[in-house]
Amino acid sequence: MQSALSSSSTSSSSSLPAAHDTRGAAWRVAIAGMVALSVAMGIGRFAFTPILPVMLHDGSLSLAQGSWLATGNYLGYFLGALACMAVRGDAARLIRAGLIATVLLTAGMGLLQGQPAWFVLRFAAGMASALVFVFTAGWCLHKLTELGHAALGGIIFCGPGLGIAIPGLAASGMVALGWHATSAWIAFGVLSALLTVAVWSTIRPELHAHAASPAAAATAAAPRLDAPTTAITLAYGLAGFGYIITATFLPVIARKVLPAGSIWPDLFWPMFGVGVALGAFLSTRISLARDNRS
C-alpha cells in the first residue's frame, strides 16, 4: 500500500513540471502569435491610419489619393485571404515570409516616393498581412490545442489591437516632434523588424518538410459550404463594412470635427486599438457552454 502511494505521489509530482513546461510553451506560442499579428495587422495593415494625417499635412498626397492607397491595401488583403485557401506549405515558413515582407513593405513607404509606388506597396502589404493572419491563426491554434491550452487562443487576437494602439501613440509623439511621414514609415519598419526578430525562434518550421501545414490541414478538413456555413461566412464578411471605413479615416475625421489644439484626435486611434485588444482578451473569459452564434 505504501509503495503504491509512494509510486502515485512520485508520478503526480513528476507530472507537475511537465504540466508547467506545457503551459509555458503554450504562453510562448500565444504571445508569438500576438506579436506576429501586431506586426502584420497593426503595423502592416493599419499603420497607414495614424500616418495619413501626417502625409496630408506634408502635402505628399491628397485625401482622394489616400483613399486609393487604402483601397489598394484592402484589395490586397482580400485577394491574399482568398489565395490562402490554395497555398500549401509549412505554416511557420509562410508566417516568417509574410513578416519579412511586412518589414520591407512598411519601410519601403518611406524609402520610395510617388502614388504608383505607394499603391503597389500598400497592395502587397495587404497580401502579406492576410498571409500572416490566416497562417498565424492556424499555426497557433493548432499548437495550443496540441499543448492542451486552446483557451489561450484569444490572446493571439489581442495582437492587432496592440499593434494599432502602440503605433498610434508613437505617431502622436512623432507629430509632436515635427517628424515627416517618411521618417514615420521607416521607424515603423524598424519596429516591425525588431518584433519579428523577437518571435523568430518560437515560430519554427516543421522538421519534416513534407508535413502538411495546420492551415492546410484545416482547409482539407473544412465542412462543405452548406447554408449555415455560408451564413456565418457572410456575417463575418459584413463586419468589415461596420468598422473598416471608419477605422481607416478615424484620425482624419477627428481632426476635421474637433477644435484645433485638442489632444483627442491623437487618442481616438489608440483607444480603438485598446478596445480591440480588450475585446479579444475578454472573449477568452466567455464560457464555451454558451452558443457562439448567440
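User: Is helix α4 enclosed by the rest of the structure or exposed?
Analyst: In this predicted model, local features need pLDDT of at least 70, side-chain atom pairs count only at pLDDT 80 or more, and totals for chains, interfaces and linings use all residues. Residues are numbered from 1 along each chain as its sequence is written, and side-chain values use heavy atoms, with hydrogens and water left out. A residue is called buried under 20% relative accessible area, exposed over 50% and partly exposed in between, with a 1.4 Å probe and protein chains only. Since 15 of the 21 residues of α4 are buried, the helix is largely enclosed.

User: Which residue caps the N-terminal end of α4?
Analyst: Helix α4, which covers residues 91-111, is a DSSP run of H or I with at least four residues, numbered from the N terminus. A side-chain oxygen lies 3.1 Å from the backbone nitrogen of Ala-92, and the residue that supplies this oxygen is Asp-90.

User: How are α4 and α5 directed relative to each other?
Analyst: Their axes, lines fitted to C-alpha atoms over the stretch in contact (heavy atoms within 4.5 Å), have angles that run from 0 to 180 degrees between N-to-C directions. The axes come within 8 Å and cross at roughly 150°. Angles under 35 degrees count as roughly parallel, 65 to 115 as roughly perpendicular, over 145 as roughly antiparallel and the rest as oblique. The two helices are therefore roughly antiparallel.

How values were computed
The expected span of a helix is 1.5 Å times one less than its number of residues. A polar contact is a pair of N or O atoms within 3.5 Å; within protein, one must be able to donate a hydrogen and the other to accept it, and residues adjacent in sequence count only if both atoms are side-chain atoms.
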